[in-house]
Amino acid sequence: MNDDAVTACDVLIIGAGMAGAGLAAALPAELRVTLLEAEDTPGYHATGRSAAFWHETLGGPHVRALTRASYGALDAGGFLTPRKSFEVAEADDLAKLDTLERQFAGTGVRLDRVDRAGLLALVPRAAPVLVGGLVEVDGADIDVAAVHAAALGLARRNGASLVTGARVDRIAREDGRWRVEAGGRVFAADILVDAAGAWADAIARMAGVAPLGIVPKRRTMVQVRVDSADVPADLPLVMDIAGRYYFRPVDAQRLWLCPHDETPVEPHDVAPEEIDVATAIYQFERVTDWRVAAVERKWAGLRSFASDRLPVIGFAADVPGFFWLAGQGGVGIQTAPAASALAAALITRRDPEMPGVDPERYDPARFAVT
């Protein structure tokens, strides 16, 4: 193909979900940045199906650093609506509450232990099987669509280009640059960023980079209408400390339910399985005395994990110019501002200047075989 038909850029980002969009927004405006998105709509597989919530305990202490560092930007952008999160326990699981308390002791995370009476004050329709819990005071709903749209908008204002419907067909390393064929076009770049979510390992293989074992997992959500219009507006995000379910309110008669499924799948356009929908409803009706009157919506999305469940942010050790921005699992939205800033700093060889954030925790070099 004639070189005149090649779109040249400094940084080529594969994937325009939250990870790719956030990075494009964080990179300096003087860089030529192009976002390639396989689908017609950015964020179709994970970001657009996320029921994200900001809470510091999710993902453990090493994820918390990115979560905490992201709060200011999310709050300043008007993307957060305060809501407590609440880890609830049955009698056999009370020790797990102790473990969580110890894990975050001294970190500044505000956790309040409650007994059955305190539980009922927060979840009035809780069934007797629930006997106590830990309240995380400083949680918040996240307006995922607004966060993603804001990142895409800022990237565009900074001069980044978004190309949709551009599924990658071929990647080659030629004369020290990347050459990518996608959507009938050819792109050349100094740095190639793998922000392809569930397809991260597949993109790496195409580029001749050793995959990291990033596994896509299906997560199911169900919107239900219950039998009485008394769902408290301030009902917390209620999570089982044993990891069997969570639910959160939508309005006075509707909730989102999740069976907390993490089913490994090949990357594709996932749909909810009826067994997972049924499990979500069963668990909800088992631990509350609300009854589901109707299933109004159900959907599934892909969340991708590295083996240690931490994000992967950094240059590949085996091939120059290849940058990993993957493995965000279920924390990609709540950590997006900090993860994007960290990635942009590493790409431009600047000091991240992010107190409390250790870039080595997320470096792909941690998976190197020694």
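A polar contact is a pair of N or O atoms within 3.5 Å; within protein, one atom must be able to donate a hydrogen and the other to accept it, and residues adjacent in sequence count only if both atoms are side-chain atoms. The structure examined here is a predicted model, in which local features need pLDDT of at least 70 and side-chain atom pairs count only at pLDDT 80 or more, while totals for chains, interfaces and linings use all residues. Residues are numbered from 1 along each chain as its sequence is written, and side-chain values use heavy atoms, with hydrogens and water left out.

The side chain of Arg366 reaches two backbone oxygens: that of Tyr362 at 2.8 Å and that of Pro311 at 3.1 Å. Arg366 lies in the segment after α8 (helices, H or I with at least four residues, and strands, E with at least two, are DSSP runs numbered from the N terminus). With a relative accessible area of 25%, Arg366 is partly exposed, the class between buried (under 20%) and exposed (over 50%), for a 1.4 Å probe and protein chains only. Leaving aside residues up to four places away in sequence, Arg366 touches Ala306, Asp308, Leu310, Pro311, Val312 and Arg361, where contact means heavy atoms within 4.5 Å. Val312 is 54 residues from Arg366 along the chain, and their C-alpha atoms are 9.3 Å apart.

Turning to the helices, α1 (residues 18–26) is mostly covered, with eight of its nine residues buried. These buried residues pack against β1 (6–14), β2 (33–36), α5, β12 (185–194), β20 (322–326) and α8. Helix α1 meets α5 (residues 144–157) at an angle of about 40°, with the axes 7 Å apart; axes are lines fitted to C-alpha atoms, for helices over the stretch in contact, and angles run from 0 to 180 degrees between N-to-C directions. The two helices are therefore oblique to each other, given that angles under 35 degrees count as roughly parallel, over 145 as roughly antiparallel, 65 to 115 as roughly perpendicular and the rest as oblique. On the α1 side, the contact is made by Met18, Ala21, Gly22, Ala24 and Ala25, and on the α5 side by Val147, His148, Ala151, Leu152, Leu154 and Ala155.

A second pair, α2 (residues 61–76) and α8 (residues 336–347), packs at about 105° with axes 6 Å apart. That angle makes α2 roughly perpendicular to α8. Here Leu66, Ala69, Ser70, Ala73 and Leu74 of α2 meet Ala336, Pro337, Ala338 and Ala339 of α8.
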